[in-house]
Amino acid sequence: MAENETLECVTEHERILQEIESTDTACVGPTLRSIYDDQPNAHKRFMEKLDARIRNHDREIEKMCNFHHQGFVDAITELLKVRADAEKLMGQVTDTNRRLQEAGREVTAQTEEVIRCRIQQRNMATTVEKLQLCIPVLEMYSKLKEQLESKRYYAALKTMEQLETVYIPRVSQYRFCQIMAENLPRLREQIKQVSMSDLKDFLESIRKHSDKVGETAMRQAQQHRTFNSAVAKQAGVCHYSRPVYSLNGRTHTHTHTPNGSRLDEEAPEEEEEEEEEEDGDEEILTAQDLVDFSPVYRCLHIYTVLGDRETFESYYRKQRKKQARLVLQPQANMHETVEGYRRYFNQIVGFFVVEDHVLHATQGLVTRAFTDELWNMALSKIIAVLRTHSSYCDDPDLVLELKNLIVIFADTLQGYGFPVTRLFDLLFEVRDQYNETLLKKWAQVFREIFELDNYSPIPVDTEDEYNLVVSRFPFHDAEIEKQDFPKKLPMSQSVPQIYTQVKEFIYASLKFSESLHRSSTEIDDMLRKSTNLLLTRTLSSCLQNLIKKPHIGLTELVQIIINTTHLEQACRYLEEFITNITNVSPETVHTTRLYGLSTFKDARHAAEGEIYTKLNQKIDEFIQLADYEWGMAESDGRASGYLMDLINFLRSTFQVFTHLPGKVAQTACMSACKHLSTSLMQMLLDTELKQISMGAVQQFNLDVIQCELFASSEPVPGFQGDTLQLAFIDLRQLLDLFMVWDWSTYLADYGQPTSKYLRVNPATALALLEKMKDTTKKNNIFSQFRKNDRDKQKLIETVVKQLRSLVNGMSS
């Protein structure tokens with residue numbers, strides 16, 4: 001067993017030694033470690049084996065050295081022989097080297113200089129190459145700075161784009177390019193801010209220049225209208241000239257075409273000067289000539305390039321909406337002068353002319369929908385403002401000028417494509433306001449005419465005076481024309497003046513109807529309606545007020561009736577006058593008729609009623625002067641003085657009434673007689689009158705006889721038979737009853753149609769008899785009965801009882 005283990009150990013040691021000899025020293029570690037992993041004494045035995053192997057190798061080395069020793073000695077000997085030659089050669093080489101070094105030192109220096117120059121050339125070439133790449137960048141950046149300084153922002157943005165996409169990427173490794181790249185966004189933001197600031201300045205500037213832009217646009221529209229009018233004037237077939245009423249007191253002559261449009265033949269000097277100046281301006285100014293739109297274009301391009309166009313559009317539209325609201329806000333006192341309206345319209349027109357220009361000059365910044373929205377908003381505000389402010393205006397001049405401004409305003413905006421139908425509809429409301437102011441003005445004119453009228457027939461001494469009146473008023477009377485001069489026309493001076501003023505009103509009303517783009521039929525209808533208002537409301541009211549005035553007497557009322565008759569007859573001439581102006585036949589369907597006939601008829605009826613009233617009042621004034629002595633014993637034998645004065649007044653008054661038309665005089669005379677009869681009856685039956693003597697009754701009878709004589713004298717022709725005397729029939733029968741004392745006949749025939757005292761009422765007879773039966777007071781008629789015949793007293797008592805029974809029977 002021991003021997004087997006020794007053999008294995010020796011074999012293992014051999015193997016390990018072979019591995020050590022054949023293996024790299026770096027891999028010896030695992031081999032040596034395996035020696036310590038074997039048997040405990042293996043290390044010792046391995047060391048022994050290793051020593052044996054070393055000794056064995058030493059013997060082999062020694063054998064090899066012994067074998068090669070002679071050759072080594074021979075080689076050493078040879079080397080020693082060469083040593084001397086080598087030293088000599090070394091000296092020669094050293095000397096050659098020294099001389100070579102000395103000779104090549106300049107070459108080396110020049111070579112180093114050449115190398116240094118070559119390096120410099122290479123560096124310079126590289127630098128030039130890099131500079132050639134950098135110089136365009138610097139040039140573009142310098143160009144960018146110049147563009148920014150000269151405010152060429154759109155070009156600057158293009159330069160920035162080239163820098164970012166083309167130039168900077170080529171030399172992005174340099175620091176200055178990085179600084180440039182970092183600075184470009186800030187420059188863009190600066191450009192946005194500057195361009196936005198320019199836009200704000202533009203918006204502020206356009207806010208100030210809108211007035212001038214609008215004024216220019218409206219002037220051009222007015223020139224266009226004037227040109228069209230001139231063309232229409234040259235193309236017109238028939239013209240007629242007429243004086244036109246001027247609200248400012250000046251009268252100009254205008255030419256009218258058959259459809260009623262007016263063409264100026266003679267303009268005020270100021271208008272002629274303006275037209276000459278306008279004709280001299282050959283160049284037509286536009287909004288672009290008056291306003292620099294470059295900030296808008298510039299800002300739009302800048303924001304478009306920067307990709308922020310929507311923000312710019314939103315900001316621009318928002319700001320313009322705000323400005324629109326400011327423009328549409330009127331001044332508080334705008335309605336006081338036409339300049340206030342003109343400035344208001346100029347600003348609005350200027351605003352929308354600018355928007356129209358921006359709409360067509362830019363793509364999408366302002367859309368048609370946006371301008372339509374602004375216009376609709378503005379139109380509602382404008383109409384509300386004009387409706388409010390025009391209602392404050394009471395000057396027809398100002399209203400007419402406002403109408404002309406509205407027409408020019410509408411025509412101007414219509415020329416830019418904005419719908420203006422609502423503005424022309426508004427003009428109908430303004431027309432009503434204009435008519436109201438005209439009516440107020442003419443009401444004052446009519447009042448002044450009536451106040452200055454003398455209410456006497458117009459005297460004409462010569463043919464020229466007669467023709468002057470006839471030229472102003474259509475008066476035709478064959479009988480008066482045959483009379484010799486001097487003569488009098490039946491109407492007073494106010495009639496031709498009223499007629500002339502009605503025509504002037506028609507002219508003034510026509511001035512508003514011009515340029516409203518309405519047909520002749522519509523203009524004719526408007527003229528007729530406004531004239532009807534003048535006649536039925538203004539003139540009628542003035543006539544009614546005139547008739548009611550206290551200072552207007554019977555003579556004036558008679559003249560007013562005559563005047564209204566002639567004015568009524570002249571209404572057909574007014575209709576012909578309107579027809580000539582508008583060239584619309586009165587037979588046209590739906591043509592409005594003039595209501596002047598009813599106006600003058602109503603005024604005449606009111607004047608007639610006032611005549612009756614004043615005549616009765618005058619009668620009452622005379623009757624108030626009556627001073628009867630009701631207890632007198634016997635009459636004076638003649639009529640009372642107050643009554644004779646009253647009859648004389650009535651005679652003179654009814655002589656004037658003969659000029660009244662129709663049956664007015666007869667009616668007035670009958671009314672006066674009836675009122676006189678009633679007043680006398682009331683005097684007898686007055687409850688405050690307690691006693692009446694027979695002498696007083698006889699005196700009263702004398703006065704009634706004078707009234708009957710007056711009635712029978714036919715103070716006013718035209719009565720048939722004793723028609724006028726019948727006004728006093730009640731008094732006559734009552735007085736006859738008491739004068740004759742025919743009570744038996746009255747009582748016997750009472751209620752019979754053939755009764756002699758048919759008009760005597762029992763209550764009236766009883767009341768008068770009660771006043772006469774008292775015998776206790778002085779001068780009573782029954783005092784004689786007591787002395788002479790007491791039976792009569794009983795008769796009276798009996799009559800009183802019978803009358804009372806009749807009265808009670810009537811009441812039951």
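Reply: Threonine 564 sits in helix α18, which covers residues 554-569. Bear in mind that this is a predicted model. Threonine 564 has a relative accessibility of 1%, so it counts as buried; the cut-off for that label is under 20%. Which residues does threonine 564 touch, leaving out those up to four places away in sequence? They are Leu543, Phe600, Ala603 and Arg604.

Now the whole chain. The protein has 812 residues, and 41% of them count as buried. Threonine 564 belongs to that buried class. The fold holds 28 helices and five strands. Take the contacts between residues at least 6 apart in sequence: 76% of them join residues at least 24 apart. The accessible surface comes to about 45200 Å². Carbon and sulfur atoms account for 51% of that surface.

Next, charge pairs. Side chains of opposite charge can pair when their charged atoms come close. The structure contains 21 salt bridges.

Start with a pair inside one helix. Glutamate 339 and arginine 342 form a salt bridge, with N to O at 2.6 Å. Both lie in helix α10, residues 338-361. They are three residues apart there, so about one helical turn separates them. Glutamate 339 has 39% relative accessibility and is therefore partly exposed. Arginine 342, at 30%, also counts as partly exposed.

Arginine 387 makes a salt bridge with glutamate 429, and their closest N and O atoms are 2.7 Å apart. Arginine 387 has a relative accessible area of 41%, so it is partly exposed. Glutamate 429, with 37%, is partly exposed as well.

Another link runs from a helix to a loop. Aspartate 730 and arginine 759 meet in a salt bridge, N to O 3.1 Å. Here too distant parts of the chain are joined: aspartate 730 is in helix α24, while arginine 759 is in the loop between α25 and α26 (762-772), 29 residues apart. Aspartate 730 is partly exposed at 27% relative accessibility. Arginine 759 is partly exposed too, at 43%.

There is also a network. Asp95, Arg98, Arg99 and Glu102 are linked by salt bridges.

Now the surface patches. Which residues make the nonpolar surface patch of about 470 Å²? Phe72, Val73, Ile76, Leu79 and Leu80 make it. Isoleucine 76 lies in helix α3, residues 42-149. Its relative accessible area is 33%, so isoleucine 76 is partly exposed.

Asp461, Glu463, Asp464 and Glu465 gather into a patch of negative charge on the surface. Aspartate 461 is in the loop between β4 (458-460) and α14 (463-472). With a relative accessible area of 48%, aspartate 461 is partly exposed.

Last, the backbone. Most residues other than glycine have a negative phi, and most peptide bonds are trans.

Proline 486 lies in the loop between α15 (478-482) and β5 (487-489).

Where is glutamate 714? In the loop between α23 (694-712) and α24 (729-740). Its relative accessibility is 43%, so glutamate 714 counts as partly exposed.

Tryptophan 741 is placed in the loop between α24 and α25 (743-749). Is tryptophan 741 buried or partly exposed? Its relative accessible area is 21%, so it is partly exposed; the buried class needs under 20%.

Back to the starting point. Threonine 564 is buried at 1% relative accessibility, within helix α18, and touches Phe600 and Leu543 among others.

Conventions: Residues numbered from 1 in each chain as written. Predicted model: local features only at pLDDT ≥ 70, side-chain atom pairs only at ≥ 80, totals over all residues. Heavy atoms only, no water. Patch = residues over 30% accessible without salt bridge, like charges linked within 9 Å, V, L, I, M, F, W, Y side chains within 5 Å. Areas by Shrake-Rupley, 256 points an atom, 1.4 Å probe, with all protein chains shown as cover. Salt bridge = Lys/Arg side-chain N within 4 Å of Asp/Glu carboxyl O. Lys, Arg positive; Asp, Glu negative; His and termini not counted. Charge placed at Lys NZ, Arg CZ, Asp CG, Glu CD. Helix = DSSP H or I, 4+ residues; strand = E, 2+ residues; numbered from the N terminus. Buried < 20%, exposed > 50% of the residue type's maximum accessible area, 1.4 Å probe, protein only. Contact = heavy atoms within 4.5 Å.
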